[in-house]
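These are my notes on what I looked up in this entry. I began with the parts of one chain and then turned to a contact between two chains.

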There are 4 protein chains.
Amino acid sequence: MDRQQRLQRWERAAEPYLFVASLLFLTSYAVRVLVPDLSPGWQAFWEIVTFASWGLFVVEYLFRLLLSDDRRRFVRTRWLDLIVTALPLLRPLRIVDLHERMQHRRDHPRLALETRVMAYAGLTALLLGFAAALAVYHDERTAPYTTIRTFGDAVWWAASTLTTTGYGDATPVTTRGRVVGVGLMFVGVALVGAVVGSFSSWLVRRFRQEGEA
Amino acid sequence: MDRQQRLQRWERAAEPYLFVASLLFLTSYAVRVLVPDLSPGWQAFWEIVTFASWGLFVVEYLFRLLLSDDRRRFVRTRWLDLIVTALPLLRPLRIVDLHERMQHRRDHPRLALETRVMAYAGLTALLLGFAAALAVYHDERTAPYTTIRTFGDAVWWAASTLTTTGYGDATPVTTRGRVVGVGLMFVGVALVGAVVGSFSSWLVRRFRQEGEA
Amino acid sequence: MDRQQRLQRWERAAEPYLFVASLLFLTSYAVRVLVPDLSPGWQAFWEIVTFASWGLFVVEYLFRLLLSDDRRRFVRTRWLDLIVTALPLLRPLRIVDLHERMQHRRDHPRLALETRVMAYAGLTALLLGFAAALAVYHDERTAPYTTIRTFGDAVWWAASTLTTTGYGDATPVTTRGRVVGVGLMFVGVALVGAVVGSFSSWLVRRFRQEGEA
Amino acid sequence: MDRQQRLQRWERAAEPYLFVASLLFLTSYAVRVLVPDLSPGWQAFWEIVTFASWGLFVVEYLFRLLLSDDRRRFVRTRWLDLIVTALPLLRPLRIVDLHERMQHRRDHPRLALETRVMAYAGLTALLLGFAAALAVYHDERTAPYTTIRTFGDAVWWAASTLTTTGYGDATPVTTRGRVVGVGLMFVGVALVGAVVGSFSSWLVRRFRQEGEA
């Protein structure tokens, strides 16, 4: 049990640093994609930031794996950690834990259940949409017959994908862009569905309260 | 407590006037967008109506801010008021309060919960869709490579966006048009989701009652 | 009370005939749209069937209006009857009552609540989709720049609209076609949402039962 | 009752074999569609596998029909079995029973209700999407004016259909492809709706538990 406790204490302590590292990862990735004509010095700087933060994720994951009592169980029960370590652009999916623990620590008055679900699912969807727009823009802008030429096109595509509108005026044509797109569709439809469901039940609750008042 | 009560009394008294002002705002905006070759006199008239009603929203918001006990709390808890004051085309989002209070005053028999949610969310979605169609038509009709040439195209685009159908035969190409589009997608998916959910539970309830009868 | 009872007895007796008439209306409309090169005799025959069934709906509605105690209340509470009388292609929306009463009469074992909602909403959606495909095909096939050239295109469009997929490879371009399209989008999104919700809760219930067994 | 028991014992015993046969069917169909320039020997081999597994489904269905007490009731209550026997590409719809019985046998700790619904509906949707992509690719790749030229296009189309995104950049143009598409739309919208609903309620439950902890 000692080891389990040490693991939990570690996770609680490491999370704010990982959160900062994930912001650095996303920022450096965004800068490298959106500002392609960086000077060689800045290029190197942002590349180092990208890989350093990624390295941090990998090291931290391996360290926790070492700390754990039962390693196969660790890998199986924390599969989401493995995924977001391998693909750091998916890291927004882990925000919930940080956010929850932060709230516990500060003893804030808790938000209503629906508001918390909406905030978590909505924020995750937005961050994943932003990451997907970056990745797709990176792959598509120079592809032949591309319809995603500017980052604005990529954001427009990501928004129409997340909401399942799917206009089709800007869509990825490369294989990698489409793989990202399929991922965004499935994750997006689930997260946005959760936001809509929570909004719906929040609205119904508000109307019920006003009806009783 | 005295100030709080004065604020509430004020809000109850001001709402019908604000509602009329928001109709005037939408009407004048619609006229200016849809009838581009107005005579200079009418043009000036409708511009004055637009800005006068907007000015009224701003003045009323500042007045309430002054009346409130705790101004920072006022801004934080009434963030929707701030948004609809800055962007009056989003004012339909505030209809719910008026509608609710009207019903209280007249002592009407209350509608069923689902019907009220459907009516509020559906009406809000329709008004926002109309406002978005106006704004997009205004920006897009003269843009190069536009696919939205008539107001009918804009309405068709707004309907296919609100229901997340998203044909893509008419879509905004300008940045401002796309910003409006992204807003409509996210607000629309939430409001239409609430309408569908309420319709669904209304249908289930009706079938259950008929089953018991 | 006497009049109210006579009205109800009348409605119960008239419904099977109205149902047959609505099938005749839909059939004759379909034949006239899908077989454009009918011989003049058949053309006249199916036109008569169309207008005779429509006339029956109008006469029956007016007759019930006469029978009712309070005519304004009749119009207000039975607004759906007025709509399906004016636009007989929407008549599928009235199926529920017939279906319910038929089941009562025959003392059949009742279906589960979710199955009934799915059957009603699904069947209504399919019939409305068929009616919309007919109406859109009728208007679009000869329009300039049309993308709906065959009835297959129209059915494909209707299916992609009902499920809010909205590919956009076949979409109406005429005003009348688009009005039908907007109606199908909003009615479709609500009905299909009800089917999906009921299917979802049926699936959950089935899994729960198997879990307990 | 003896016959009914024999039928049930048979079904329990036959299921693993049918599951293997359905995997063989899907594999052989996939190989024949995706590797069109097979040597005549392999071509014959995979054709035999396809038809042998299909034959097995038919024989097994007829055998169970013979075993049953009341054959008309068997056909009516097991309509899904009849459909998946006639169209073996829809066989994924039957997975649920196998999966459930497997879990019973092994006395595994049961997964949460939402997880089971998500796993079943999600897996079924993925398998049907794969089968539909195969069928559509088979029909479309050589059609005139096709937009589905590679299997990647077909998968991209299937994903955008299942999530009701519907970009429309790759859509079937042949009648058979569109029939498959309509089926995927309606089945997909229901299954993905069930996944989204279960994910939503799982998320709400998780947030509620963390709120109480």
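**Domains of chain A**

I first looked up how chain A is divided, and found domain 1 (1-92) and domain 2 (111-213), with bounds that come from an automatic or database domain assignment. I keep in mind that this is a predicted model, in which local features need pLDDT of at least 70 and side-chain atom pairs count only at pLDDT 80 or more, while totals for chains, interfaces and linings use all residues. Residues are numbered from 1 along each chain as its sequence is written, chains are lettered from A and ligands numbered from 1 in the order in which they are written, and side-chain values use heavy atoms, with hydrogens and water left out.

Taken over C-alpha atoms, the centres of domain 1 and domain 2 of chain A are separated by 23 Å. I noted that nine residues of domain 1 of chain A are in contact with eleven residues of domain 2 of chain A, contact meaning heavy atoms within 4.5 Å. Between them these two domains bury about 930 Å², with 80% of it on carbon and sulfur atoms; buried area is the accessible area (1.4 Å probe) that two parts lose on being put together, summed over both. A:Val33, A:Leu34 and A:Pro92 supply 51% of the area that domain 1 of chain A buries against domain 2 of chain A, more than any other three residues.

I then looked for salt bridges (a side-chain nitrogen of Lys or Arg within 4 Å of a carboxyl oxygen of Asp or Glu), and the count between domain 1 and domain 2 of chain A is zero.

**Chain D against chain A**

Next I turned to the contact between the chains, which takes 25 residues from chain D and 31 residues from chain A. The area buried between chain D and chain A is about 2,300 Å², and carbon and sulfur atoms give 68% of that area. I recorded that D:Trp156, D:Tyr167 and D:Phe207 supply 32% of the area that chain D buries against chain A, more than any other three residues.

How many salt bridges does the rule find across the interface of chain D and chain A? It finds two, and I noted that A:Arg178 forms a salt bridge with D:Asp153, where the closest N and O atoms are 2.8 Å apart.
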